[in-house]
Amino acid sequence: MSDKLAAVKKPEGHRDFTLDPRKLRRLRMEAALSVTELARRSGCSPAHITMLEKDRHGPSLDLVARLTDVLGCTPKDLMPSEPSESAA
């Protein structure tokens with residue numbers, strides 16, 4: 001498993017990484033990658049990337065590591081933002 005993922009804490013019993021689909025799409029587009037190209041480089045199918053971007057599937061930690069390598073980001077960059085304290 002990637003060293004980048006060592007700092008990511010998952011709740012007990014949680015199996016998949018919590019991904020913000022809008023952030024994944026934004027990072028993919030900023031990298032000027034099509035869904036097909038991101039899928040090819042990260043070793044999954046274009047349908048899988050589409051499902052991630054539509055929030056219909058959560059990625060495995062292994063896929064998160066591959067996506068972050070391709071996109072040049074950290075796992076935290078793909079996670080949902082923490083709610084601000086003022087919103088509480």
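**Entry 1: a glutamate**

I began with E53, which counts as buried because its relative accessibility is 16%; buried means under 20% relative accessible area, exposed over 50%, and partly exposed in between, with a 1.4 Å probe and protein chains only. I note that the model is predicted, that local features need pLDDT of at least 70 and side-chain atom pairs pLDDT 80 or more, and that totals for chains, interfaces and linings use all residues. Residues are numbered from 1 along each chain as its sequence is written, and side-chain values use heavy atoms, without hydrogens and water.

I then listed the contacts of E53 (heavy atoms within 4.5 Å). Leaving aside residues up to four places away in sequence, E53 touches P21, L24, R25, R28 and V35.

**Entry 2: helix α3**

I placed E53 in helix α3, where helices are DSSP runs of H or I with at least four residues, numbered from the N terminus. Helix α3 spans residues 46-53, and I49, L52 and E53 are buried in it. Viewed down the axis of α3, these buried residues fall within an arc of 95°, so they line one face of the helix; the arc is taken from the directions from the helix axis to the C-beta atoms. Their cover includes α1 (21-30), α2 (35-42) and α4 (61-71). Just after α3, I found D55 with a positive phi of about 60°.

**Entry 3: cysteines**

How many disulfides are there? I count 0 disulfides, taking a pair of cysteine sulfur atoms within 2.5 Å as the rule. C44 is buried at 18% relative accessibility, and C73 is buried at 6% relative accessible area.

Note on methods
Helix = DSSP H or I, 4+ residues; strand = E, 2+ residues; numbered from the N terminus.
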